[in-house]
Amino acid sequence: MRPAITFPAVRVGSSGDRDPAIAATALASQLQHEGLGCVLFFCSAEYDLVRLGQALEREFAGVQVSGCTSAGEITPDGYGRGCITAIGFDRRYFSIDAALIQQLDRFTLQDAQQCIDGLLATCRDANLAPIRDNTFAITLLDGLSSREELVLSTLNAALGTIPQFGGSAGDDERLSNTHVYYRGRFYSNAAIVLLVNTPLDFRVFSTHHMTARSEKLIVTRSDSDSRTVYELNAEPAAEVYARLVGVAVADLNRETFALHPMAVRIGGHYFIRSVQSVNPDGSLTFYCAVETGIVMTAMEPGSLQESLRLQLEKAEKVVGPPLVTIGCDCFLRRLEAELTGVDQQVSDFLRDHRVIGFNTYGEQFDGMHINQTFTGVVIGQPEIAAGQH
């Protein structure tokens, strides 16, 4: 007979204190209990990361802790900035193992298979639920590594039918230093893979609110390694893009990029490609891979909140009221919400749907690296027999 349940299968918490030791202690006071098996966190890059890593290791001794830096946080109260937010998983409902990947440019299929096989062995040993249909993967990657596509496609081949989602670590829009966290330390040029096995129902999803316009742009000269496009339609890339969105090249900025992305069409679906910066030579650098010869479609935003509402409500109809939703939300979506004055409405919506997560420098879904998208997993609540509480 299962023991009486005296607390939920997850706990969530956050702290806005800028002192790493105090913030870690606050998280521990919110998450610690006898069943705690794993902690997943997202934090501002403004923290002293060395001290924060040491404090988390100290406060959660014996508990697996993984996470990354962010470009904004999603807390139990909605959007946050300059803080840390976290989820604590009960080992009686979740078997979670994590692996660190370094030297991303050398990550092979054999490496991926060994990594996933090791994580699967841990989940099987826990014997909570069959692997098939009860397991998903979360990936967190250095958002400035420019190696997301390589790592994700390789991992996807090793994962097989196991669904995967994740996000690229941010650094509060500084675009200089992003990190993932594993066993007491923050790492750059690295990735974390978490395999989650649970008997609880869940749905992994991805959504964006962009709609296609008629304009098509062909990448006629690019450097895929640096994600730089030099020419669109055989003209200087920045000039073509500026003309498309109706501003001068000198006026191109992150607000323009947030409201006027482009996309590639694959298998009947549009995958967003967002501009990161305009370079002095008139080229454009993107957050996702771009290659010479691809056709990009101009996109325009629809209702940010409506697309997310439809996606979450669709998932919740299947899994029931959410226990928690882990969300990876592009920082450009949040910027758009701020520019259009709906950020508080979106924040309230995220709070009401129990979303915990972060604003990313790129989103990940089933081996794809994308932008201006919200990816995540909705996890349903456990069924509690009559008389238990």
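The legends below describe close-up views of a predicted model.

**View 1. The two domains of the chain.** The chain is divided into domain 1, made up of residues 10-207 together with 305-380, and domain 2, which covers residues 210-301. The C-alpha centres of domain 1 and domain 2 lie 28 Å apart.

**View 2. The open sheet that runs from β1 to β11.** Six strands are arranged in the order β1-β6-β2-β3-β10-β11, and their pairing is mixed. Strands β1 (10-15) and β11 (185-187) are at the edges and have a single partner strand each, so one side of each is left without a neighbour in the sheet. On average, and with direction ignored, neighbouring strands of this sheet are turned by 20 degrees against each other. Within the sheet, strand β2 (residues 36-44) and strand β3 (residues 64-70) run parallel and are joined by 7 bridges, and Cys-38 stands opposite Gln-64 in β3. Helix α1 (residues 20-31) packs on the sheet, where it touches β1, β2 and β6 (84-90), and its direction makes about 155 degrees with that of β1. Helix α2 (residues 49-59) also packs on this sheet, touching β2, β3, β6, β10 (180-182) and β11, with its direction at about 165 degrees to that of β2.

**View 3. The open sheet that runs from β5 to β13.** The order of the 6 strands is β5-β4-β23-β22-β26-β13, again with mixed pairing. Because β5 (78-80) and β13 (202-207) stand at the edges with a single partner strand each, one side of each is left without a neighbour in the sheet. From one strand to the next, the twist averages 15 degrees. Strands β22 (residues 322-330) and β23 (residues 355-360) run parallel and are joined by 6 bridges; the bridge partner of Cys-328 in β23 is Phe-358. Helix α8 (residues 331-339) packs on the sheet in contact with β4 (73-75), β5, β13, β22, β23 and β26 (374-380), and its direction makes about 90 degrees with that of β22. Helix α9 (residues 343-352) packs on the sheet as well, touching β4, β5, β23 and β26, and its direction makes about 115 degrees with that of β5.

**View 4. The interface between domain 1 and domain 2.** Here 18 residues of domain 1 are in contact with 19 residues of domain 2, and the two domains bury about 1,700 Å² between them, 58% of it on carbon and sulfur atoms. The count between the domains is 3 salt bridges, and there are 9 residue pairs in polar contact. On the side of domain 1 that touches domain 2, α4 (148-159), α8 and β25 (368-370) each supply at least two residues, and α8 gives the most, with 5 residues.

Terms used. Residues are numbered from 1 along each chain as its sequence is written. This is a predicted model: local features need pLDDT of at least 70, side-chain atom pairs count only at pLDDT 80 or more; totals for chains, interfaces and linings use all residues. Side-chain values use heavy atoms; hydrogens and water are left out. Two strands pair if DSSP finds at least two bridges between them. Helices (H or I, at least four residues) and strands (E, at least two) are DSSP runs, numbered from the N terminus. Axes are lines fitted to C-alpha atoms, for helices over the stretch in contact, and angles run from 0 to 180 degrees between N-to-C directions. Contact means heavy atoms within 4.5 Å. Domain bounds come from an automatic or database domain assignment. Buried area is the accessible area (1.4 Å probe) that two parts lose on being put together, summed over both. A salt bridge is a side-chain nitrogen of Lys or Arg within 4 Å of a carboxyl oxygen of Asp or Glu. A polar contact is a pair of N or O atoms within 3.5 Å; within protein, one must be able to donate a hydrogen and the other to accept it, and residues adjacent in sequence count only if both atoms are side-chain atoms.
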